Amino acid sequence: MTKQIDPCTLVLFGASGNLSRVKLMPGLFRLDAAGRLPAEMKILSVGRGEVSREAWLADIKGMLDAKFKKGYDQQVFERFIERNFYHANPPTDPNAFQRMKETLSNDKVFPQNLAYFLSVRPSDFAPVVDQLAAVDLLNEENYWRRVVIEKPFGTDLPSAKALQASITKHLKESQIYRIDHYLGKSALQNIMLQRFANTLLEPIWNKDYIDHVQITNTEMLGVGDRTQFYDATGALRDMIQSHILQTLALTAMEMPAALTPEGIRAEKIKVLEAIRAIPVDQLDKHAFRAQYAAGEVNGEQVPGYLEELGDSSSVVETYAALKLFIDNPRWEGVPFYIRTAKRLHEADTRISIRFKKSPLQIGDGQDQNWLMLGIQPRECIKMEIQSKIPGLDINTRTIQLDAANRQDGDESIDAYEALLLNLMEGDNSLYLHISEVEAQWRLVDPVIEAWAKDRQPVHQYPAGSRDPEASKVIFEHEDQFWRYSIELGGDAH
Ligand code: BG6
């Protein structure tokens with residue numbers, strides 16, 4: 001169902017940065033091509049440097065050329081380019097925001113509903129909101145005003161609370177759009193639908209049938225040129241604090257009373273708040289960290305993290321795994337193992353659920369059932385079941401039912417495209433509520449703190465390898481192990 005979008009202006013802070021080049025501008029272009037932008041909609045890019053409109057439009061063309069190598073529709077391009085303007089906001093100019101207000105006040109050009117996308121350094125989120133308020137650009141008396149805060153929302157619970165306190169001096173919760181781009185992925189939205197729209201799945205989605213759940217996000221990429229950012233962040237903050245805990249929330253939450261934004265958020269908040277605190281005095285049994293060493297990825301020799309960083313004393317993790325328990329009737333006693341890594345053998349995001357032993361055991365070593373929801377690169381649902389090997393004897397083997405969630409001709413929509421559209425529609429259900437952000441920091445903060453204090457050299461794994469053997473310390477039972485691939489045989493251990 002297509003929702004009505006009011007004429008609006010998107011004010012894009014940090015417009016010449018990487019996110020804007022690779023995701024936001026191309027995403028807006030694709031929305032335009034799909035006919036989803038209101039005819040009057042404008043985009044005002046804000047950057048520190050003085051750039052003429054002409055030069056900025058040429059820059060946008062470069063972004064689109066780089067993204068859409070196969071070309072794009074010329075007519076859409078002309079329409080899109082006409083929507084774009086540039087405003088220089090030099091940090092040294094005390095009147096920059098006043099001048100921006102004057103630019104925006106030209107209502108013949110700029111619709112007065114304003115969405116600000118802050119793709120800036122996290123330390124600038126609060127000051128930019130203060131400045132917008134100071135020149136009365138957040139006032140919703142006649143038009144709506146919305147602010148998107150890119151991740152991370154704080155670097156721990158106290159800083160997230162401080163940021164919240166600062167921006168809520170000027171904004172209501174309904175005006176704040178906190179991004180976790182994973183929520184814009186169709187495959188993540190599908191978790192909830194597959195669970196609750198299938199009689200086959202929901203009745204067995206609990207402690208009576210499930211042995212444990214694994215939520216995995218591994219990448220083959222290393223930290224690239226983001227070494228400084230990464231060393232101040234680490235895998236736990238970068239991936240687990242939001243993307244993976246959000247995936248867990250969708251996997252574990254109760255069915256919302258209604259599929260409304262409020263209904264979904266309420267259930268996610270409840271389940272996130274029901275995750276048991278990780279006991280810091282037994283951290284070794286609940287959390288594991290490691291760093292990639294030099295190794296081979298896709299046939300190419302790659303350096304280790306410490307070499308890339310140029311600092312051998314860093315204890316920042318590029319691999320992080322946690323064991324979590326959810327204290328509610330559905331999940332009592334069921335471990336949730338979550339892990340993320342850079343430079344592993346495979347790029348894979350998925351939920352793998354292992355079921356309990358079946359009542360009928362034929363011989364030793366009969367595999368247990370697995371159900372897997374593939375998020376990326378393949379969006380699929382897979383089920384491994386036991387089946388008789390044809391022949392004279394009664395023996396079983398594992399076979400896999402494998403269904404792709406994507407079919408030929410399905411739309412392929414980038415997470416940011418979906419989120420930008422929701423922003424203009426005024427639907428913040430795929431953005432984070434402050435209670436979710438707080439629950440997530442509350443959970444990971446003690447581990448981050450303990451790890452930062454422990455300066456012993458961190459376990460190393462060769463780039464391109466599978467999970468470090470030592471990570472198995474977090475398993476509750478000896479017969480539990482990492483599912484290393486979504487393919488049949490990916491549970492060999
Ligand atoms: C970002 C992290 O939030 O998500 C990156 O900062 C990570 O380190 C990226 O690579 C993964 O996103 P996606 O959409 O490629 O899975």
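Which residues in H5 meet which residues in H6? In this predicted model, Phe125, Ala126, Val129 and Asp130 of H5 meet Leu163, Ser166 and Ile167 of H6. Sorted by class, that contact comes to 5 nonpolar, 1 polar and 1 charged residues. Helix H5 covers residues 125–134, and its axis comes within 9 Å of the axis of H6, with a crossing angle of roughly 5°. Angles under 35 degrees count as roughly parallel, and H5 and H6 are therefore roughly parallel to each other.

Two packed helices are described by the angle between their axes and the distance between the axes. For helix H10 (residues 261–273) packing with H9, the angle is about 105° and the axes are 9 Å apart. Since 65 to 115 degrees counts as roughly perpendicular, H9 and H10 are therefore roughly perpendicular to each other. On the H9 side, the residues taking part are Leu245, Gln246, Ala249, Leu250 and Ala252, and they meet Lys268, Val271 and Leu272 of H10. By class, this contact has 6 nonpolar, 1 polar and 1 charged residues.

For Arg226, a polar side-chain atom sits 2.5 Å from a ligand oxygen. With Asp238, the distance between a side-chain N or O atom and an oxygen of the ligand is 2.6 Å. His243 has a polar side-chain atom 2.7 Å from an oxygen atom of the ligand. As for cover, the ligand on its own has 400 Å² of accessible area, and the protein covers 75% of that.

Most residues other than glycine have a negative phi, and most peptide bonds are trans. Against that background, the peptide bond from Lys151 to Pro152 is cis, its omega being near 0°.

Another cis peptide bond links Gln376 to Pro377, with omega about 5°. Finally, Asn298 is not a glycine, yet its phi is positive, at about 50°. Asn298 occupies the loop between strand E9 (295–297) and strand E10 (300–302).

Methods:
Residues numbered from 1 in each chain as written. Predicted model: local features only at pLDDT ≥ 70, side-chain atom pairs only at ≥ 80, totals over all residues. Heavy atoms only, no water. Polar contact = N/O pair within 3.5 Å; in protein donor to acceptor, adjacent residues only side chain to side chain. Areas by Shrake-Rupley, 256 points an atom, 1.4 Å probe, with all protein chains shown as cover. Axes fitted to C-alpha atoms, helices over the stretch in contact; angles between N-to-C directions. Helix = DSSP H or I, 4+ residues; strand = E, 2+ residues; numbered from the N terminus. Parallel < 35°, antiparallel > 145°, perpendicular 65-115°, else oblique. Contact = heavy atoms within 4.5 Å. Nonpolar A, V, L, I, M, F, W, Y, C, P; charged D, E, K, R; others polar.
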